[in-house]
Amino acid sequence: MTLLRPRIRRIPLNAAAVLTVLVCLFPVYWMVSTALKPSRDIQTADPKLFPHTWTLEHFRTAVQADGFELFWRNSILVTLSSILLALLVAIGSAYAVARMRWKGRRQFMLMVFIAQMAPWESLIIPIYIISRDTDMLDRLPTLTLVYFMVTLPFSIVVLRGFIATIPPELEEAAQVDGCTRTGAFRRVALPLLAPGLMATSLFGFITAWNEFAYANFLIIKHQDSRTLPVWLSSFQNTFGTDWGATMAASTLFALPALVVFLLLQRHVTSGFAAGAVKG
């Protein structure tokens, strides 16, 4: 009886967890199932939760749509470039805050936290005006800089926490053996930052890959510079919305983010545990 009581008490928690997972996964299932339904079964008065017939016609329509390959290339280029820039700047900033003592360090971190809390949408108008006045509209480097700016505060905060958990004696020992301060950081501290680098890369990838507002407002005239989130709106026209193609394109659009998350999530979790033991 004593062993059964804890299990009985966990039943409501387990049921709530299962219900939460189902509620979160149902929109994803409906998106994928709609992409696989024939057009006649999508807009019907009697929708089926489990369709009996399947088709790949909507995926062919999405892949053959104008600009499919070009917008994929644009999204990948902008996303990876913004992640690399954010990591390069964040590593130096986080190291300076975590390891060095300089005047204004606390004020700097306060500004970083404020920038992290600021809603991205509130910056659309000033960024648009700056881009217009500097002739930077309709250019992919502008989107790269915007996504870099958005992900940088989070990257600094996360990497600062990781660097603070690494004992400085490890770098000091490397310097005694002849390494410079930069060499000690590169050989000793940087490998231990792998979990933090993966966490910030994952956040940056999801943020830049899914972002729509800036891509829609900053890329106006040059359609060839648009990214995948804006491309999804191309399946809506004056005759209505092609829901099958839209859901198929959304499924294809979500796959890279899902793959990156599944690949990095395990390493990030294991890295957190390893870092806790080593620290």
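**Figure 1. Surroundings of T142 in the predicted model.** Leaving aside neighbours within four places in sequence, T142 is in contact with S131, M136 and L218. The structure shown here and in the views that follow is a predicted model. T142 lies in helix 7, a helix that runs over residues 140–165. With a relative accessibility of 6%, T142 counts as buried, because the cut-off for a buried residue is under 20% relative accessible area.

**Figure 2. The loop between helix 6 and helix 7, with D135 and D138.** D135 is found in the loop that links helix 6 (124–133) to helix 7, and D138 lies in the loop between helix 6 and helix 7 as well. Phi of D135 is near 60 degrees, a positive value in a residue other than glycine. D138, also not a glycine, has a positive phi of about 60 degrees. Most residues other than glycine have a negative phi. The two aspartates can be set side by side by their accessibility. D135 counts as exposed, at 53% relative accessibility, whereas D138 counts as buried, at 10%.

**Figure 3. Helix 9 and the elements that cover its buried residues.** Helix 9 comprises twelve residues, 181–192. From its first C-alpha to its last, helix 9 reaches 16 Å, close to the 16 Å expected at 1.5 Å a residue. Within helix 9, the residues G183, A184, F185 and A189 are buried. The cover over the buried residues of helix 9 includes helix 4 (68–99), helix 7 (140–165) and helix 8 (168–176).

Figure 4. A184 is found in helix 9 and counts as buried, with a relative accessibility of 0%. Not counting residues up to four places away in sequence, A184 touches E171, A174, Q175, C179 and A189. Of these partners, E171, A174 and Q175 fall within the residue range of helix 8 (168–176), and A189 is itself one of the buried residues of helix 9. The view also takes in L170, which is 14 residues from A184 along the chain. The C-alpha atoms of A184 and L170 are separated by 8.3 Å.

Figure 5. M117 lies in helix 5, which covers residues 105–117. At 63% relative accessibility, M117 counts as exposed, because the cut-off for an exposed residue is over 50%. M117 and P153 are 36 residues apart in sequence. In space, the two residues are 9.2 Å apart, C-alpha to C-alpha.

**Figure 6. M31 of helix 1.** M31 is found in helix 1, which spans residues 4–36. M31 is buried, and its relative accessible area is 17%. Residues up to four places away in sequence being left out, M31 touches M247, S250 and T251. M31 and V146 are 115 residues apart along the chain, and 30 Å separates their C-alpha atoms.

**Figure 7. V63 of helix 3.** V63 lies in helix 3, residues 57–63. At 42% relative accessibility, V63 counts as partly exposed. V63 touches F68 and L252, not counting residues up to four places away in sequence. E211 is 148 residues from V63 along the chain, and the C-alpha atoms of V63 and E211 are separated by 21 Å.

**Figure 8. Context of the close-up views within the protein.** The secondary structure of the protein comprises 13 helices and two strands. The radius of gyration is 24 Å, well over the 19 Å that the globule rule gives for 279 residues, so the protein is more spread out than a compact globule. Along the principal axes, the C-alpha atoms fill a box of roughly 75 × 75 × 30 Å. Buried residues account for 38% of the 279 residues. Among contacts between residues at least 6 apart in sequence, 72% join residues at least 24 apart. The accessible surface of the protein comes to about 17,100 Å², and 68% of this surface belongs to carbon and sulfur atoms. The protein has 24 positive and 16 negative charges, and the mean positions of the two sets are 14 Å apart.

How values were computed. Residues are numbered from 1 along each chain as its sequence is written. This is a predicted model: local features need pLDDT of at least 70, side-chain atom pairs count only at pLDDT 80 or more; totals for chains, interfaces and linings use all residues. Side-chain values use heavy atoms; hydrogens and water are left out. Helices (H or I, at least four residues) and strands (E, at least two) are DSSP runs, numbered from the N terminus. The radius of gyration is taken over C-alpha atoms; the globule rule is 2.2 Å times the number of residues to the power 0.38. Buried means under 20% relative accessible area, exposed over 50%, partly exposed in between (1.4 Å probe, protein chains only). Contact means heavy atoms within 4.5 Å. Accessible areas come from the Shrake-Rupley method with a 1.4 Å probe; for residues, only the protein chains shown count as cover. Lys and Arg count as positive and Asp and Glu as negative; His and the chain ends are not counted. The place of a charge is taken as NZ of Lys, CZ of Arg, CG of Asp or CD of Glu. The expected span of a helix is 1.5 Å times one less than its number of residues.
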